[in-house]
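Colleague: I have a few questions about this assembly. Can we go through them one by one?
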Amino acid sequence: MIVAEIKPFGEIKDMLKDYNKVLIVGCGTCVTVCLSGGERQVELLASALRMARKIEGNEITVGERTILRQCDPEFIDQIKDEAAQYDAILSMACGAGVQGIAERFGSITVLPAMNTRFIGVSDGQGTWVEVCAACGDCILYKTGGICPVARCAKSLINGPCGGSQGGLCEVSKDNPCVWQQIYARLVKLNLLHFLKEISPPKTRPVHPRRLVREDLRLKKEQTKGV
Amino acid sequence: MGFREALDSGKFLITAEIGPVKGTEIDGLLEDAELIKGKVDAINVTDLQSSVMRLGSMAVCHLLKDLGIDPILQLTCRDRNRLALQSDLLSAWVLGIRNVLALTGDHPTLGDHPQAMPVFDLDSVSLLKVIGRLNEGFDMAGNQLKGAPDFFPGAVVNPGANTETALEMQIIKMEKKIEAGARFFQTQGIFDLDLFERFMKRIEGFKTTVLGGIILLKSAGMARFMNKNVAGVFVPEPLIKEMETTKDKVKTSIEMAARLIKGLKNLCQGVHIMAIGWEKRIPMVLEEAGL
Amino acid sequence: MTDKAIPPCQAACPIYTDVSGYVSAIAIGDIERAIRIIRQINPFPSVCGRICTRPCETACRRSQIDEPISIAALKRFAADQTRGLKLIKRPEHYYDERVAVIGSGPAGLTVAHDLALLGYRVTVFEEQNVLGGMLTQGIPDYRLPKDVVKEEVDFILSLEVEVKTGLSLGRDLSIEGLLKDYQAVFLAVGSQRSLLPKCNGVELSGVITAIEFLKQISRGHRPNLGEHVVIIGGGHTAVDAARTCLRLGSSEVTIIYRRTIDEMPAGRAEVDDAEKEGVNIRYLTAPVDFLGNGNVQKVRCIEMRLGELDESGRRRPVPVENSEFEIKADTVILAIGYIPEADALKDSGLILSKNGTIIVKDNTGTTNVKGVFAGGDVVSGPSSVIEAIAAGKRAADAIHRYLRNLPDKEVEEHLPLRSLDDNVVKLINKSNRQNMPTVPVEKRLDNFNEVEVGYNRNEALKEAQRCLLCGSGALVADNCAACLNCVRICPYGVPVPGREIAEIDISQCQVCGICASECPASAINLKLETREEGRAALQKVIDKARQEAPEVLIIGYYCRYKLPTSLLDDSGIYWLGKLCTGRLDIFQLIYPFELGADEVVVHMCKNEECHFRDGSRWLLTHIERAKKILDEIGMGADRLNIISEEDVSDFKKRFEVLGINPIRKREKVRG
């Protein structure tokens, strides 16, 4: 899932300073799952904003909605009519969601309430960890299912640097050296030979990436002679 | 005799290491170099050591060359993508630099510009392969070069990695580096000769040249700091005690380094001295060690 | 586990009383709500609160942890506390059809009650001069005082129910005759004819039946039974008779019962009480002959042992050879079994069993004679009050359907929630039941005063708070994002990941509400104290406060399991009770400020005192996050505080520093 966290309140308040009618839109998928942008947070942020602005003597009208996904236009359309009544939309989705709405409702300002952090998994209650960098060239088969691209501070693919100490990363003592984990896993799986092979440098992705799956699309009308 | 020739000659190799300053004031650095010139086979120049922004390795190497010293260009993967790395290598060659030490590099967060983009487009293994390819007259993309360099590439290894797993991986990576073209290895600082001996035993079959690292210990505090913070460096307690109890720290430091060098003479093919500011004292160390 | 499953207590109750509903109301001190819930279904709360056989308590899942909830005692408390409260309105219009009820025991009166409320004119015919059947004639005052019964009977009569006493079926009334004036007849004549043991000497003077004896007592007679009394039998009547004998002055009162205490139909508690008062009980003993010359003098008994299982599923008692012995008896009271009076029902055209009970088509009490229904002991044989009430309720519904030509009631399933899993049981805090206060034994035997005194308010609330609120817990809605936060934080480990959403087994949920307070999709709601109810309660309190316009508007939350008694009385705080403050979500902590509160305080239980688990720790987490928000918006984190009973004065002082809520201040300026 995409892991995101809510921006500092001051920053959000500042973004909204010129708007008096704002619709906060939560997203019911990833950011709900990572406990940051779902229905409950929408309700809290709305109340906080109303109070902050009242205290400043500059009242704001805040609408609250949560849709299942902000990365699909069909879901975004569910709030089309409502959105038209506001000066701005404050999206509590990842960056994809913010842009999804902005793209769909071109004439209304869409503002991000969240900082999108990474593609991650749960690492115990209230904790998430980055595990995939979406590099577009998966090598997990040779690293025992542990990604050094996402989980090594230097994204090294030929083994560790010399900086790890006591099995911990030189960058943060909170992180294990991922290569230690890869090594242990490869030993367990009897696949250590993968580590001994030189991995060629990765092809770097070119932004923006786009995936068109012609095989999934309705064929264009056949032309003559084919 | 250049470093490569010295290595081929089979003599006990001596290299030293100097770190460029933050700024353009280079007189002291050149003075130090001048002092050890003739006593060492080559001098390494670090590449933004500890990720702290400073004068570049290539320029200093070029200046050393002018002084008649054979420099070893340290080149990390931290700040340059594959375009810049290849271009810098070509630039170095035309400036007379013949030896390259390929390193991954420290992470920028450890330095004075922690917000910097960490590049790591290539890693040390692939960088060695790139050097080999340039030597053959081709760039990474397979394009032919107009005039090719002939670098003498080296790499580093950390024999003191403090877990068995870490050491095993260091050795696996060392093998990959040899396969990628590394001709010599300079190691992290060694204080425990028994440990190093065991390491050398494990790499017995590797056909390569190893220069054991020597760090000039300035104080017990420095030893403790390194034990805690510098990966692969472990100063045993008796040596710390020795520094703690001595009246003349400089003398003890020099004696200790000389003792280690004497020990290394039987274990590997050379030493690499990291004086960390005490470059002026390198001649005394060598003298003490009988080199 | 289906959604339809209900708490085991409710499923075990013959009339499916919403036990958890009224017990939880008592737990928060809302006695009126409790009695409304009870009254809605049961016309005899005071009676049942005293003498019910309590199948609910046998089913109670609390017994998996320590002891079942004293459900009947709580019902009694609710009823006693609300005597005289008029809760039920009479119907607005009446049907033309009239219904005759024969017999004024609990079955008959329940039919009268339910039909009267449905709008029928009911006439109750009673052979005796007193109404209540066995309630008034069979159960002694020390267990069920007459005035308690009278009050409940009087209420039923107040629903325009006509009564004709002194009329007996067979003698004065016939079913045929009644059907001319009434469109339906309900027979509830009971099962009061005593069975006699096949012993020589039954005809001796001094050998009497328990029913006749107890009826005599209920009419105020106080016969002299002599020193030695022997009671034969093991049911409630036997025990009631024995304890009555003690109160009449007999010193040697012995019950002889042919099986062991485990098979005894009388309740264990009753038996204990009887023994405490001085009744001897000889188990595995049966009478052989009653000996005497005109008057009974001795009972020859034989020892028994338990043999093979009989058709009732109990082990058949078998005499032990050569074990006969004699005990002295000035009076022998027979309490071995009862059948309906044969005379009343013969020639009625009703199909009867060989015991003389009426055979009915189904549990609604429909008989083979059109328009005639029957229920209570006359159908079931001797049974409990609650079974009689249940039969009455089913019959009333059937009579209504018959008279209105409505289709039969669909059979409802009442599945009990399954028992608690062991891993949940071990996480629940133990708490033993509140003892029922009783009159000391030495003050009981010279009078017929009620022995059980009933709980006081404190005892009742404490006891009610032991209820596990089975089935009142978390429900997961479809908008669950399957984040699994509930799975990770439930202190009892109940939620599990399902195919699409998290699944919370309502049979195992302990109702703490922590999951709901942390659900990011607000997809978890609780059956008890829903989110909407919580919000509404807050709004109501704030509205009240704003109307009263106190100088300082302080909202206080407290845990309903740990009432901060001294603080509740403090007039400066508008209090809101929560079932565990751990379920207070952050919104509930900050929203009061938006509504104008100057300060919000939460009375926090100490962690080790949490009725549930982790409640206080989650409260701290919520407070911390709420404080951060209050700080960021410029309201100030200091306005939200945890308090204890000791620091009332502190937060008063604090207000002087904090001043008025800036939002309210602006409103004031503008207003």
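Modeller: Before we start, contact here means heavy atoms within 4.5 Å. This is a predicted model.

Colleague: Fine. Which pair of chains has the most contacts?
Modeller: Chains A and B, among the 2 pairs of chains that touch.

Colleague: And how far apart are chain B and chain C?
Modeller: Their nearest C-alpha atoms are 27 Å apart, and the two chains do not touch.

Colleague: Back to A and B. How many residues are in contact on each side?
Modeller: Chain B contributes 34 residues and chain A contributes 27. About 2500 Å² is buried between these two chains, with carbon and sulfur atoms giving 57% of that area.

Colleague: Which residues of chain B lose the most area to chain A?
Modeller: B:M169, B:I172 and B:K176, which together make up 23% of what the chain B side buries.

Colleague: Now the other contact. How much area is buried between chain A and chain C?
Modeller: About 2400 Å², and 58% of it comes from carbon and sulfur atoms. On the chain A side, A:R40, A:M51 and A:I55 lose the most area to chain C, together 30% of what that side buries. The contact takes in 23 residues from chain A and 33 from chain C.

Colleague: Let's look at chain B by itself. How many helices and strands are there in chain B?
Modeller: Chain B has 11 helices and 8 strands. Its radius of gyration is 18 Å, close to the 19 Å that the globule rule gives for 291 residues, so chain B is as compact as a globular protein of that length.

Colleague: What does the C-alpha trace of chain B span along its principal axes?
Modeller: About 60 × 45 × 45 Å.

Colleague: What share of the residues of chain B count as buried?
Modeller: 55% of the 291. As for sequence separation, take the contacts in chain B between residues at least 6 apart: 77% of them join residues at least 24 apart.

Colleague: And the surface and charges?
Modeller: Chain B exposes about 12300 Å², with carbon and sulfur atoms supplying 53% of that. There are 34 positive and 37 negative side chains in chain B, and the centres of the two sets lie 2 Å apart.

Colleague: On to the backbone. Where is B:S50, the residue with a positive phi that is not a glycine?
Modeller: B:S50 sits in the loop between β2 (42-45) and α3 (57-66) of chain B. Its phi is about 55°. With a relative accessible area of 35%, B:S50 is partly exposed.

Colleague: What about C:S522, is that one buried or exposed?
Modeller: C:S522 counts as buried because its relative accessible area is 11%, and the cut-off for buried is under 20%. Phi of C:S522 is near 50°, again a positive value in a residue other than glycine. C:S522 lies in the loop between α20 (514-518) and β20 (524-526) of chain C.

Colleague: Which peptide bond is cis in chain A?
Modeller: The one from A:H207 to A:P208, with omega near -5°. A:P208 is in the segment after α9 (193-196) of chain A.

Colleague: Last one. Where is C:H622 found?
Modeller: In helix α24 (residues 615-632) of chain C. C:H622 is buried, with a relative accessible area of 0%.

Colleague: And what is C:H622 in contact with, leaving aside its neighbours within four places in sequence?
Modeller: C:H622 is in contact with C:S517, C:E518, C:G582, C:L584, C:D585, C:I586 and C:L589.

How values were computed: Residues numbered from 1 in each chain as written. Chains lettered and ligands numbered in written order. Predicted model: local features only at pLDDT ≥ 70, side-chain atom pairs only at ≥ 80, totals over all residues. Heavy atoms only, no water. Helix = DSSP H or I, 4+ residues; strand = E, 2+ residues; numbered from the N terminus. Rg over C-alpha atoms; globule rule 2.2 N^0.38 Å. Buried < 20%, exposed > 50% of the residue type's maximum accessible area, 1.4 Å probe, protein only. Areas by Shrake-Rupley, 256 points an atom, 1.4 Å probe, with all protein chains shown as cover. Lys, Arg positive; Asp, Glu negative; His and termini not counted. Charge placed at Lys NZ, Arg CZ, Asp CG, Glu CD. Buried area = accessible area lost by both parts, 1.4 Å probe.
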